[in-house]
Protein chains: 4
Amino acid sequence: MRVSIIGGSGYAGGELIRYLLFHPEVEITNVVSRSNVDEYVFRIHPNLRGYTELKFSPLNLSAITSTSDLVFTAIPHGTSAELVPKLLETGIKVIDLGADYRLKDPALYPQWYGWKHPHPELLKEAVYGLPELHREEIKAAKLVACPGCMATATILALAPPMKEQIIEPERIIVDAKIGSSGAGNAPTKASHHPERANGVRPYKTVGHRHIPEMEQELASLTDAKLRISFTPHAVPIVRGILATIHTFPNRNLTLPEVWKIYRSMYGQEPFIRLVKDRKGLHQLPDPKVTIGTNFCDIGFEIDSHADRMVILSAIDNLVKGASGQAVQCLNIMLGIDEKTGISAPTIYPV
Amino acid sequence: MRVSIIGGSGYAGGELIRYLLFHPEVEITNVVSRSNVDEYVFRIHPNLRGYTELKFSPLNLSAITSTSDLVFTAIPHGTSAELVPKLLETGIKVIDLGADYRLKDPALYPQWYGWKHPHPELLKEAVYGLPELHREEIKAAKLVACPGCMATATILALAPPMKEQIIEPERIIVDAKIGSSGAGNAPTKASHHPERANGVRPYKTVGHRHIPEMEQELASLTDAKLRISFTPHAVPIVRGILATIHTFPNRNLTLPEVWKIYRSMYGQEPFIRLVKDRKGLHQLPDPKVTIGTNFCDIGFEIDSHADRMVILSAIDNLVKGASGQAVQCLNIMLGIDEKTGISAPTIYPV
Amino acid sequence: MRVSIIGGSGYAGGELIRYLLFHPEVEITNVVSRSNVDEYVFRIHPNLRGYTELKFSPLNLSAITSTSDLVFTAIPHGTSAELVPKLLETGIKVIDLGADYRLKDPALYPQWYGWKHPHPELLKEAVYGLPELHREEIKAAKLVACPGCMATATILALAPPMKEQIIEPERIIVDAKIGSSGAGNAPTKASHHPERANGVRPYKTVGHRHIPEMEQELASLTDAKLRISFTPHAVPIVRGILATIHTFPNRNLTLPEVWKIYRSMYGQEPFIRLVKDRKGLHQLPDPKVTIGTNFCDIGFEIDSHADRMVILSAIDNLVKGASGQAVQCLNIMLGIDEKTGISAPTIYPV
Amino acid sequence: MRVSIIGGSGYAGGELIRYLLFHPEVEITNVVSRSNVDEYVFRIHPNLRGYTELKFSPLNLSAITSTSDLVFTAIPHGTSAELVPKLLETGIKVIDLGADYRLKDPALYPQWYGWKHPHPELLKEAVYGLPELHREEIKAAKLVACPGCMATATILALAPPMKEQIIEPERIIVDAKIGSSGAGNAPTKASHHPERANGVRPYKTVGHRHIPEMEQELASLTDAKLRISFTPHAVPIVRGILATIHTFPNRNLTLPEVWKIYRSMYGQEPFIRLVKDRKGLHQLPDPKVTIGTNFCDIGFEIDSHADRMVILSAIDNLVKGASGQAVQCLNIMLGIDEKTGISAPTIYPV
């Protein structure tokens with residue numbers, strides 16, 4: 001399959017290129033970066049030095065459509081909203097890593113993103129690219145909208161208890177910790193090493209834009225009205241998200257029951273590991289152990305003192321939270337083994 | 001005042017020595033460390049090289065009692081329970097940095113710490129060394145039990161809303177992030193640099209031992225039955241705690257009301273800063289900005305989407321969470337300016 | 001090929017297991033760890049969770065020899081000196097990751113390591129496992145002694161100029177910076193996160209044990225008497241070594257000449273990248289870009305002000321500095337593509 | 001003394017403000033930052049929240065000259081060259097933290113900085129603000145040009161052996177490691193957290209601009225022709241410089257001789273600590289132990305294997321490398337205790 005990447009100079013773009021260069025069913029035909037035209041890809045993504053002589057191209061739609069069967073878009077939100085329909089109308093399939101086609105309800109865009117969606121008719125058609133919830137629709141999708149990284153960690157952790165309706169749906173707290181690569185590769189004051197190192201900085205304590213997609217996906221699993229309380233924190237790691245999810249069971253729960261609920265939903269999932277061990281340093285999920293992998297590690301604990309259930313969910317924000325998940329969707333669309341090209345274990349320690 | 005420190009080789013002990021060396025009203029007469037007898041203090045606390053020729057002494061009670069008016073104990077929990085009464089009976093005052101005299105109810109020790117308290121009669125007499133709640137009692141105290149670091153951050157953040165009874169008392173989530181110095185100076189697998197760096201590790205997700213002191217202190221401010229849901233995380237910073245506290249108001253709250261509640265309780269407090277700014281990178285508390293200071297920085301935000309109030313509380317675990325607070329208590333006991341010796345601003349960035 | 005690993009619980013052992021689990025020509029039959037007998041491998045190496053149900057075995061020589069064609073030993077120096085001959089005499093090949101068979105001159109062991117070698121007759125037979133210098137001998141070797149991590153970075157950087165005799169051989173300064181994983185997985189004061197973070201600590205400023213192997217290998221390339229000045233520093237990264245090598249050319253050198261010297265020696269090497277770029281952030285080697293790969297990245301610069309040539313050499317200490325290089329040797333011994341199983345690019349950023 | 005700071009929003013400016021706010025002989029009258037006019041100082045330097053209500057002013061020369069006795073300039077190189085004479089001609093004294101008045105030979109500016117000095121006549125008059133070498137001249141100076149951070153660490157380490165002429169003067173290697181705050185507070189690709197973390201990046205491997213001031217100052221101590229080989233590295237710490245200086249003695253040296261040479265020059269210096277211990281983790285200088293202090297810690301080791309002497313020199317780049325040293329100069333100019341306001345020990349660990 002001939003594949004182009006639009007937005008190849010960001011961190012998610014770089015990871016996509018890394019995966020696709022070695023994917024047995026894929027040939028990369030274009031890597032677009034408007035700000036790096038004619039530059040070697042390895043100058044921006046230094047890990048690829050020695051692996052490819054690819055250069056970045058300008059955004060030339062006809063060049064792309066004439067040489068691609070599928071396009072990945074990894075560009076700032078608001079920009080793929082306009083670009084994607086132009087690609088689709090030439091018969092090309094699109095996997096969008098941005099937010100522009102994730103929400104079903106067009107009214108949510110002005111509310112959460114501050115702009116009106118130019119192609120609301122496409123929102124219904126787009127498939128939310130979370131294989132664990134939408135595998136069948138992804139198989140036949142023309143447009144896949146990959147989830148946000150925070151949303152991936154949160155939805156996967158909450159889907160089983162939400163489906164089983166075992167927790168209070170309006171008292172769900174998601175306290176997330178995220179690495180610096182999550183904010184992209186453009187230097188800012190917040191990402192400046194002297195500022196970012198040695199601190200724990202809460203940001204977007206309320207109103208984070210991944211909330212509506214979390215609620216959309218989780219609401220589809222239950223009849224209950226639910227609301228997500230979400231607060232992220234910038235921690236001094238480069239990669240990884242840990243979502244610590246505090247929930248209140250609506251009845252007495254035992255650990256075996258919870259195990260059963262998670263196993264029954266995820267027992268066959270290739271990229272979900274249930275991590276709740278009795279020994280060792282790594283008894284619960286830690287994003288450190290997912291770095292460079294497409295895993296979502298999920299664990300849980302019951303707090304009998306406060307009648308609480310804590311759920312932990314760890315991913316690599318650039319892999320299961322972005323490019324790895326996009327390749328997982330591609331594999332599903334291609335009808336091949338879902339793990340193709342994204343199954344290697346991570347190095348440890350890192 | 002002649003002061004001894006028992007347990008001078010740990011991180012909290014080192015910070016105590018640093019503060020007391022320059023305290024105008026204090027003369028350090030003994031620094032006890034059983035494992036470092038006759039070693040220069042600066043060999044263990046290298047920041048003190050050039051400042052003192054003090055050496056560590058063995059634990060010799062008569063040597064201590066004959067040369068001290070007050071003793072700080074910074075030793076493992078369970079050990080000061082036995083030692084403190086011996087000091088008190090000689091008329092010496094004690095400021096204990098450990099957990100052994102923090103809880104009023106003796107039954108909590110077997111439940112949370114796994115041992116029976118050998119001197120339950122002293123628990124009533126001991127004053128919980130949080131000046132913002134117990135300043136008057138500290139003035140006259142013979143035995144001050146300084147709060148745990150996690151408890152300090154949590155109690156100070158929650159005291160105003162708890163006192164005003166504006167939040168649901170059984171749906172209080174404290175999600176804490178703590179630096180590696182919080183676990184002391186003894187190397188362990190969990191503190192091994194290759195393991196600790198680049199990760200976010202949840203631990204003691206339920207059942208952390210600082211919970212009963214949080215509940216004890218907060219319960220004293222309200223009639224409501226309250227329960228704290230507490231989960232800490234090891235993050236790759238050396239110093240600092242951020243407590244992110246998710247609460248659910250029991251009525252509609254406006255930001256000016258919340259400001260007023262915090263200002264009315266803390267407006268005159270020398271070591272509490274309300275940090276809720278509209279500009280800049282540091283609009284809410286970040287432990288990075290408290291490193292090396294005795295401040296507890298507190299901020300808050302109202303989440304109208306989920307009817308939640310987020311409270312952020314940041315401290316340096318070794319200062320306001322341990323040694324700085326102990327010196328603050330000392331100053332109160334001495335009847336001098338509470339800020340004596342602990343008022344310098346931190347360096348930035350660090 | 002049936003392979004056993006003796007010393008499977010350390011960081012190098014963990015990386016070996018990771019590589020060998022997916023190596024097409026290898027079956028792992030035993031992973032020995034005396035301190036973790038019967039424990040799941042993934043409990044110690046959490047990145048392998050979900051990939052293998054292997055458990056650690058005790059050190060049982062007959063079990064190993066009856067099920068192995070080749071054994072990797074990754075155990076403390078001094079211990080493989082005794083163990084290796086027992087394996088060899090059963091006809092098993094050995095790749096030793098320790099120091100015990102690296103030096104040809106038995107007199108160097110008492111001098112640098114403080115013990116007398118029990119099997120000096122084997123030192124001649126052992127092949128120093130640096131493929132770039134000893135590929136032909138490795139092919140037929142029964143015992144391969146893999147280089148130390150510091151030695152690998154240093155020798156590879158210096159071999160071309162040493163062979164061409166273009167630098168002063170007694171004024172060679174190697175200033176190394178190494179990550180915390182280099183000291184192994186046993187917690188110590190030096191590796192304690194609060195101590196290691198935020199510092200740059202020189203150690204073994206003189207007398208480091210990798211010096212004699214550097215000198216042995218480089219001396220074999222030249223007639224000149226040479227001496228290596230070597231000083232390492234502990235820096236707060238987990239993985240990687242940067243060797244900054246300051247040399248003084250013995251004649252005027254131009255950059256094209258230096259390029260030619262390195263290209264002529266390394267132009268065909270699969271795991272050496274010459275990194276000297278004119279653009280971008282990564283114009284010279286940085287260990288960050290080698291994390292998780294078997295590359296040695298080498299760059300250089302000529303200092304016309306001080307008549308100096310700086311050579312930079314970066315590796316991942318656990319891969320090209322240990323396990324990756326061991327697998328490279330294995331591939332050579334097997335007569336297969338040298339890159340088998342160790343060719344994947346690293347993730348970036350990490 | 002009424003003091004103004006021009007360039008108050010950078011990291012060095014922030015540290016100056018911190019020191020001067022609490023300096024008993026100083027009143028800050030203006031803090032100039034063109035990009036932050038009318039902003040509270042604590043919004044940019046968050047550690048000062050609660051300590052000052054100062055705001056940044058525009059650069060208004062008459063406002064400054066009418067309210068100042070002395071001005072600190074902490075502005076980009078090239079800009080103080082023009083500004084300083086305007087201040088001096090009003091009778092105000094100036095302490096410049098930039099490079100514009102450090103070099104005595106005007107020809108060095110075009111060569112190393114790429115611009116012609118507009119006021120070469122002032123270069124003779126300016127005093128290089130390194131108290132350990134120029135204390136007497138600083139006392140009477142009208143214009144003090146504070147050394148660069150790299151130069152401070154290097155010159156202080158090399159002055160004693162250079163003065164005693166015990167090392168080869170053309171084979172001096174300075175291999176420096178520096179934290180991210182050294183590059184200032186403006187975000188760049190190189191300072192972007194995902195890029196800076198976990199790496200060791202050589203930069204300016206040849207031709208660094210601090211070389212001419214190192215050579216100027218060290219040449220003044222000896223008759224020998226000397227040349228400095230200097231290469232810095234960006235390491236993932238925020239504060240601190242470690243200069244590892246590799247030298248070749250021109251005769252046999254013993255450790256007691258070296259001790260004597262350093263003691264005789266620095267025995268009375270308030271801000272130099274000789275750190276060469278036989279026990280503990282901190283036997284040699286580490287910048288971690290100087291964070292937030294005005295110390296330069298110096299240690300050394302003799303390498304009998306390679307006839308080398310290694311000298312280690314550690315400072316906080318923003319304190320002894322910038323603002324602390326500037327205050328030290330101020331104290332000398334004021335004729336007061338040189339340690340005034342800059343004598344507190346650092347916190348540890350940090």
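Predicted model: local features only at pLDDT ≥ 70, side-chain atom pairs only at ≥ 80, totals over all residues.
The fold was described for chain A, in which 12 helices and 13 strands were assigned. The C-alpha trace of chain A spans about 60 × 45 × 40 Å along its principal axes. The radius of gyration of chain A is 20 Å, which agrees with the value near 20 Å that a compact globule of 350 residues would have. Of the 350 residues in chain A, 61% count as buried. Among the contacts of chain A with a separation of 6 or more, 71% are between residues 24 or more positions apart.

One helix of chain B was examined for the placement of its buried residues. In helix α4 of chain B, which covers residues 80-88, the residues B:S80, B:A81, B:L83, B:V84 and B:L87 are buried. Viewed down the axis of α4(B), these buried residues fall within an arc of 165 degrees, and they therefore line one face of the helix. An α-helix has 3.6 residues a turn, so residues three or four places apart point the same way. The cover over the buried residues of α4(B) includes helix α3 (61-67) together with the strands β3 (70-73), β4 (93-96) and β6 (143-145), which belong to chain B.

Note on methods: Residues numbered from 1 in each chain as written. Chains lettered and ligands numbered in written order. Helix = DSSP H or I, 4+ residues; strand = E, 2+ residues; numbered from the N terminus. Rg over C-alpha atoms; globule rule 2.2 N^0.38 Å. Buried ≥ 20, exposed ≤ 12 C-beta atoms within 10 Å, placed from the backbone. Contact = placed C-beta atoms within 7 Å. Arc of directions from axis to C-beta.
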